[in-house]
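Here are my notes on this structure, written as numbered points. Keep the 3D view open while you read.

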2 protein chains.
Amino acid sequence: MRILVTNDDGIDSPGILALVGAMRTIGDVVVVAPDRQQSAVGHALTVASPLRATPFHRDGTFFGYAINGTPADCVKLGISTLLDVQPDLVVSGINHGSNTSVNAIYSGTVSAATEGTLMGVPSMAVSLASFDHAAPMDLAADVALEVARRLPTMQLPQGTLLNVNVPACSREAFRGIKLTRQGNSVWKDSYERRRDPQGREYYWLSGEFVTLERLDDADDLAVADGYAAITPIHYELTNFPVLDRLKTMF
Amino acid sequence: MRILVTNDDGIDSPGILALVGAMRTIGDVVVVAPDRQQSAVGHALTVASPLRATPFHRDGTFFGYAINGTPADCVKLGISTLLDVQPDLVVSGINHGSNTSVNAIYSGTVSAATEGTLMGVPSMAVSLASFDHAAPMDLAADVALEVARRLPTMQLPQGTLLNVNVPACSREAFRGIKLTRQGNSVWKDSYERRRDPQGREYYWLSGEFVTLERLDDADDLAVADGYAAITPIHYELTNFPVLDRLKTMF
């Protein structure tokens, strides 16, 4: 099995190293990842400037390319151009911070896996529910391995990927894998207004994550309960009930 | 009616000027838009650096703020912080280039309207199916006006927005408004490999837009047929049929 690994924390992050370690046990790994951290980058593509691909060797553990672009760029450029053959799997992560609920739409980690499935390759995103860069990655890597092993048998349709979120808990507290739906939580955002040393105003984003509905099988609630949540997501964005209603108005 | 207008082509683009002109006939307009073009920026947020809001007057036609950030930043910062009261409407556009089908997931224009609806404000994105910056904007502005007028009566649920795409055709060829679903077309991407004057390789993204399925009422096909397509979209990404099937496997 040939596996393309990417992430949005950059090619030198702890998460990608843990993920490569796990994926090497089931296939040949090539890393194509951003050359620096790309947070909350969404499904951005680089269209107005050229991309460069710099060969990268890390600690003798993997070979890959560092790209001056976004996670979605990495997957597009990797599959279309850098790799000799189409990979059998795209795995993105392990992200620091969960990508449950509405976070999926801001996530570079998820967008990279989305790009993989749009290009016809079975794909998954893996995130750990902790922003602590010293958080142990071994449980998330084990979950990623188990899911990746089974992904080729799942026959996901093109355009559907797995969004995997792992709790930051001990192995004893871990309650196993649960198939979930995207939860309904959003950010209630605020900005801190500050002044720079020249007296000019600037704004820093902060915010609070608020659960709007406690849906059965919601991914965010499952992770809070100690489960690894697997949500199959796709980009059929049409709200069909609203469409049917609006058709009667026009 | 108080209307927040934004876009992803930048606060000095032709599209925002045309949109403001239309929206002023039905309400008070405040513009909060990126200080420069933000193409294919997806639903990116600026979290790792501060934002600045520079007051902006344009040709005596509008007042607003130029933000050193993405379209989604503009709506978040505008609604949460810059505006005194919550707007009644967020309108994003008029974008150069259609945002039908899979393009919605790469689109800064759509992401700005998404941010509006996530914050509880009825929202719409408007795009013109032409990349020509000299293309006439008057038909798209008229469609935006008609839809915006009716949007407050549509009772869209929080999280659902209207994605409006207008053909680049004459008024004679225009066939009216059609309620549509997101089409199933994707980009078949390729990168041109070039060498810079120092002999180093770089890559430019190019690609071809390919229709995978000719769905009834698809937005991209409607626009190609001369209709303005209105697609109600939301961010319920779960693929429920796949979820049900996977539950039997785990």
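1. In which sense do strand 5 and strand 6 of chain A pair, and over how many bridges? Strand 5 (residues 89-96) and strand 6 (residues 123-128) of chain A pair in the parallel sense, over five bridges. To find one of the spots in your viewer, go to A:Val91, whose bridge partner in strand 6 of chain A is A:Met124. Keep in mind that this is a predicted model.

2. Now zoom out to the whole sheet in chain A. It is an open sheet of nine strands with mixed pairing, and the strands come in the order 3-4-2-1-5-6-7-11-8. Which strands stand at the edges? They are strand 3 (53-58) and strand 8 (177-179) of chain A; each has a single partner strand, so one side of each has no neighbour in the sheet. From one strand to the next, the twist averages 25°.

3. Helix 1 (residues 14-23) of chain A lies across strand 1 (2-6), strand 2 (28-34), strand 4 (62-67), strand 5 and strand 6 of chain A. Helix 1 of chain A runs at about 140° to strand 5 of chain A.

4. A helix pair in chain A is worth a look too. Two packed helices are described by the angle between their axes and the distance between the axes. Helix 2 (residues 71-82) and helix 3 (residues 108-118) of chain A pack at about 25°, and their axes are 7 Å apart. An angle under 35 degrees counts as roughly parallel, and helix 2 and helix 3 of chain A are therefore roughly parallel to each other. Their crossing is right-handed. On the side of helix 2 of chain A, the contact is made by A:Pro71, A:Ala72, A:Cys74, A:Val75 and A:Lys76. Helix 3 of chain A brings A:Gly108, A:Thr109, A:Ser111, A:Ala112, A:Glu115 and A:Gly116. By class, that contact has five nonpolar, four polar and two charged residues.

5. On to chain B. Its open sheet also has nine strands, in the order 3-4-2-1-5-6-7-11-8, with mixed pairing. Strand 2 (residues 28-34) and strand 4 (residues 62-67) of chain B run parallel and are joined by four bridges.

6. How are the two chains related? Chain B is superposed on chain A by a rotation of 180° with 0.0 Å of shift along its axis, at an RMSD of 0.0 Å. That is the relation of a two-fold axis. In chain B, the C-alpha nearest the axis belongs to B:Gly42, 2.7 Å from it. The same surface serves both copies, as 100% of the contact residues of chain B recur in chain A.

7. Finally, the interface. How many residues of chain B are in contact with chain A? There are 53, and they are in contact with 53 residues of chain A. Among the elements of chain B that give two or more residues to this side are helix 2 (71-82), strand 9 (184-195), strand 10 (201-213) and helix 7 (240-247). By class, the residues on this side of chain B are 33 nonpolar, 14 polar and six charged.

Note on methods:
Residues numbered from 1 in each chain as written. Chains lettered and ligands numbered in written order. Predicted model: local features only at pLDDT ≥ 70, side-chain atom pairs only at ≥ 80, totals over all residues. Axes fitted to C-alpha atoms, helices over the stretch in contact; angles between N-to-C directions. Parallel < 35°, antiparallel > 145°, perpendicular 65-115°, else oblique. Left-handed = near helix turned anticlockwise from the far one by under 90°. Contact = placed C-beta atoms within 7 Å. Nonpolar A, V, L, I, M, F, W, Y, C, P; charged D, E, K, R; others polar. Least-squares fit on C-alpha atoms with pLDDT ≥ 70 in both. Pairing = 2+ DSSP bridges.
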